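Let's take a friendly walk through a protein model, looking at charged pairs, backbone angles and a pocket. Have a look at the chain first, and then read on.

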Amino acid sequence: MASNKNSIKIFSGNSHIEFAKLVAKKLGLELAKCVVLKYSNQETSVTIGESVRDEDVFIIQSGCDQINDNLMELLIMINACKTASARRITAVIPCFPYARADKKDKSRAPITAKLVANMLTVAGANHVITMDLHASQIQGFFNIPVDNLYAEPCTLKYIRENIENHKDVIIVSPDAGGAKRATAIADKLDVDFALIHKERKRANEVSRMVLVGDVKGRPCVLVDDMADTCGTLGLAAKTLLENGATQVYAIVTHGVLSGKAISVINDSVLTKVVVTNTIPHEEKKLLCPKIDTIDVAATFAEAIRRTHNGESVSWLFERAPE
């Protein structure tokens with residue numbers, strides 16, 4: 001680690017403190033002192049509890065749960081560190097908020113991901129570290145460097161270590177948009193790939209699914225970047241079993257698990273739903289024995305270490321650190 005001057009300071013907002021502690025522990029550090037609370041009028045108050053002058057500051061805050069409050073917390077924390085003369089401020093956002101609002105897909109639709117990018121930059125962020133952006137072009141919304149880490153190495157490790165007969169599995173994308181992600185994983189495992197074409201009547205509601213590929217007598221792994229209400233995963237698993245699959249696993253980077261997601265998973269034919277810990281889900285795990293977790297704290301810790309020391313972060317695109 002560097003000398004006392006310009007050392008790493010890791011702060012955490014209230015969105016996912018346990019994850020921030022895991023990241024700090026991997027780096028052999030304690031979380032820096034910071035008090036983030038809400039006044040009775042719902043305004044957010046931030047007090048940075050130690051000097052950050054000329055320090056390399058990393059603020060960990062995920063886009064989940066009370067998403068607007070968490071985003072506001074992050075912006076205020078960034079600005080507080082900027083006005084306290086931090087040398088560099090990196091926003092570490094495991095799950096990027098509003099990532100699905102990345103294009104003008106209907107008339108008068110806002111591109112909210114671009115707005116969030118502008119807000120982070122204006123607040124004073126010099127760099128952003130995130131994971132599995134819903135649309136990778138969001139990196140182009142920023143005028144500052146963005147490191148979009150991949151959960152793929154951790155996913156591959158999980159499949160090899162936890163799924164029996166992993167050499168026989170078929171990797172399945174639940175929609176056309178995730179085909180690139182699924183084919184990349186299938187190529188690295190040297191297994192087959194299938195695709196599900198889904199037709200939607202309205203947002204968050206799938207009307208019909210058509211399987212492209214042969215899954216008969218084989219275990220299947222559905223891979224996606226985000227599981228929100230889990231309706232797609234439940235229907236996709238049912239479609240795969242109807243087409244002769246023996247088991248269906250789902251591996252998802254961001255387990256939003258909102259609305260009726262837990263009851264959908266419990267009632268579905270899915271063997272397991274595996275999510276990373278970019279979003280807290282411990283309470284939901286207690287209600288659903290099918291949920292399993294991949295810890296990606298080591299990936300973020302290594303990205304922070306490499307960013308601080310000026311080393312290449314692309315090393316992490318192919319490898320899962322211990």
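## Charged pairs

R181 is partly exposed, with a relative accessible area of 24%; here buried means under 20% relative accessible area, exposed over 50%, and partly exposed in between (1.4 Å probe, protein chains only). This is a predicted model, in which local features need pLDDT of at least 70 and side-chain atom pairs count only at pLDDT 80 or more, while totals for chains, interfaces and linings use all residues. Residues are numbered from 1 along each chain as its sequence is written, and side-chain values use heavy atoms, with hydrogens and water left out.

Which residue pairs with R181 in a salt bridge? The partner is D224, which counts as buried at 10% relative accessibility. A salt bridge is a side-chain nitrogen of Lys or Arg within 4 Å of a carboxyl oxygen of Asp or Glu. R181 sits in helix α5 (residues 179–189) and D224 in strand β11 (residues 220–227), so their pairing ties together parts that are 43 residues apart in sequence. Helices (H or I, at least four residues) and strands (E, at least two) are DSSP runs, numbered from the N terminus.

A search of the whole structure finds 18 salt bridges. The table shows some of them.

| Salt bridge | Closest N and O atoms |
|---|---|
| E18 and K21 | 3.9 Å |
| R181 and D224 | 3.9 Å |
| E311 and R306 | 3.8 Å |

E18 and K21 are three residues apart in helix α1, so about one helical turn separates them. E18 is exposed at 52% relative accessible area, and K21 is partly exposed at 44%.

Salt bridges with shared partners join E302, R305, R306 and E311 into one network.

## Two backbone angles

Most residues other than glycine have a negative phi. Where does Y98 lie? Y98 is in the loop between β5 and α3 (112–123), and its phi is positive, near 60°. Y98 is partly exposed, with a relative accessible area of 31%. D190 also is not a glycine and has a positive phi of about 60°. D190 belongs to the loop between α5 and β9 (192–202) and is exposed, at 70% relative accessible area.

## A pocket between domains

About 710 Å³ of space lies in the second largest pocket. On a 1 Å grid over the protein atoms alone, a pocket is an open set of points where a 1.4 Å probe fits, with protein on both sides within 12 Å along at least five of seven lines; lining residues have an atom within 4 Å of a point. Grid points are joined across faces, edges and corners, and the volume is the space filled by probe spheres set on the points.

The lining of this pocket has 34 residues, and S15, C64, D65, I279 and P280 lie nearest the centre. Helices α1 (17–26), α2 (67–83) and α8 (282–287) each supply at least two residues of the lining.

Why does the second largest pocket lie between domain 1 and domain 2? Domain 1 (8–149) and domain 2 (152–199 + 209–294) both give residues to its lining, so the pocket lies between them. These domain bounds come from an automatic or database domain assignment.
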